[in-house]
Amino acid sequence: IAGVVQGLSEAINFGMNAGLNMIDVIEVISKGAAQSWQMDNRSISMVKGNFDFGFALDLMIKDLNIVIDEASKERINLEVTDLIKKKYQTLSKLGYGNDDTSALIRLFD
């Protein structure tokens, strides 16, 4: 899930910086293979910079720590999960710990 949020953040940031109307882009791409719960429920709020609902990113950090700890016991490398956890930790240190996990896009500001 964290990887999906990262990918969605990157895509929205790219589109906005390319000058695209992201509302139109999201409408089109959400009907194909890019469709996901995150796209359906958080993409528009991400474009608008609204992160005051949903699953708090501090809770995501807690959950990702559990996953990474368990994976390390089995010697399983979760490189992308660890990378995104660090991004969430950066946001938390900046005071966004209660924001929805979709606030990951803030790192592109």
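This is a predicted model: local features need pLDDT of at least 70, side-chain atom pairs count only at pLDDT 80 or more; totals for chains, interfaces and linings use all residues.
Residues are numbered from 1 along each chain as its sequence is written, and side-chain values use heavy atoms, with hydrogens and water left out.

**Exercise 1. Determine how the axes of H2 and H3 are oriented and which residues meet between these helices.**

Step 1. Helices here are DSSP runs (H or I, at least four residues), numbered from the N terminus; H2 covers residues 22-29 and H3 covers residues 37-48.

Step 2. Two packed helices are described by the angle between their axes and the distance between the axes. The axes are lines fitted to C-alpha atoms over the stretch in contact, with angles from 0 to 180 degrees between N-to-C directions. For H2 and H3 the axes come within 10 Å and cross at roughly 170°.

Step 3. Angles over 145 degrees count as roughly antiparallel, and H2 and H3 are therefore roughly antiparallel to each other.

Step 4. With contact taken as heavy atoms within 4.5 Å, Met22, Ile23, Ile26 and Ile29 in H2 meet Met39, Ser43, Ile44 and Val47 in H3. By class, this contact has seven nonpolar, one polar and no charged residues, where Ala, Val, Leu, Ile, Met, Phe, Trp, Tyr, Cys and Pro count as nonpolar, Asp, Glu, Lys and Arg as charged, and the others, Gly among them, as polar.

**Exercise 2. Work out which residues of H4 are buried, how they are arranged around the axis, and what covers them.**

Step 1. H4 (residues 57-73) has 17 residues and reaches 24 Å from its first C-alpha to its last, close to the 24 Å expected at 1.5 Å a residue, the expected span being 1.5 Å times one less than the number of residues.

Step 2. Taking buried as under 20% relative accessible area and exposed as over 50%, with a 1.4 Å probe and protein chains only, the buried residues of H4 are Leu57, Met60, Ile61, Leu64, Ile68 and Ala71. They cover an arc of only 100° around the axis, which puts them on the same side of H4; the arc is that of the directions from the helix axis to the C-beta atoms.

Step 3. An α-helix has 3.6 residues a turn, so residues three or four places apart point the same way.

Step 4. What covers the buried residues of H4 includes H1 (2-17) and H5 (79-96). For Ile61, which has a relative accessible area of 9%, the contacts are Tyr88, Gln89 and Ser92, not counting residues up to four places away in sequence.

**Exercise 3. Describe the backbone and the accessibility of Arg75.**

Step 1. Arg75 is found in the loop between H4 and H5, and has a positive phi of about 60° although it is not a glycine.

Step 2. Arg75 is exposed, with a relative accessible area of 80%.

Technical notes: Helices (H or I, at least four residues) and strands (E, at least two) are DSSP runs, numbered from the N terminus. Angles under 35 degrees count as roughly parallel, over 145 as roughly antiparallel, 65 to 115 as roughly perpendicular and the rest as oblique.
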